[in-house]
Amino acid sequence: MPNGCIFCKIASGEIPSSKIYEDTNILAFNDINPKAPVHVLVIPKKHIPTMNDVTEADSQLISELFQAMQRIAKKMGIAESGYRIITNCQKEAGQEVFHLHFHILGGRPLKDLG
Ligand code: AMP
């Protein structure tokens with residue numbers, strides 16, 4: 001685990017989180033500063049800093065992440081009403097935590113988010 005990565009610490013249980021979903025390779029938990037009634041962060045347990053660092057070796061993991069997000073949207077009751085998946089890559093996009101993560105947002109109209 002890279003020193004000080006907060007999402008690695010959440011993945012290992014060192015820092016508590018409000019867990020929504022977990023399997024062998026993936027964890028999902030509520031965002032601490034929600035921008036919508038549903039705001040879940042989905043992370044690989046493996047430390048991948050940004051979208052730029054995803055490689056072909058991660059193909060299976062990326063597929064699992066998208067299947068997990070589908071399940072989580074259903075579980076949170078927003079699969080049919082609608083939801084948005086966001087990943088911020090690097091500083092100008094607003095990435096604050098340098099461990100790959102996907103935001104799942106829903107539960108209200110999201111037009112104010114762009
Ligand atoms: P990003 O700006 O895309 O890097 O997103 C990082 C997200 O992590 C922000 O929405 C934060 O609110 C969220 N966050 C930071 N620390 C925690 C934490 N300990 N538990 C849950 N969410 C967090």
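Tutor: Happy to! The buried set in α2 is Leu-61, Leu-65, Ala-68, Met-69, Ile-72 and Ala-73. These residues lie on the same side of α2 because they cover an arc of only 135 degrees around the axis, the arc being that of the directions from the helix axis to the C-beta atoms. An α-helix has 3.6 residues a turn, so residues three or four places apart point the same way.

What do the buried residues of α2 pack against? Their partners are the strands β1 (19–22), β2 (26–30), β3 (38–44), β4 (83–86) and β5 (102–106), with contact meaning heavy atoms within 4.5 Å. Helices (H or I, at least four residues) and strands (E, at least two) are DSSP runs, numbered from the N terminus.

As for length, helix α2 has 17 residues (59–75), and at 1.5 Å a residue it should span 24 Å, which agrees with the 24 Å between its end C-alpha atoms. That expected span is 1.5 Å times one less than the number of residues. Just after α2, Gly-77 takes a positive phi of about 80 degrees.

A word on the source: this is a predicted model, in which local features need pLDDT of at least 70, side-chain atom pairs count only at pLDDT 80 or more, and totals for chains, interfaces and linings use all residues. Residues are numbered from 1 along each chain as its sequence is written, and side-chain values use heavy atoms, leaving out hydrogens and water.

How values were computed
Buried < 20%, exposed > 50% of the residue type's maximum accessible area, 1.4 Å probe, protein only.
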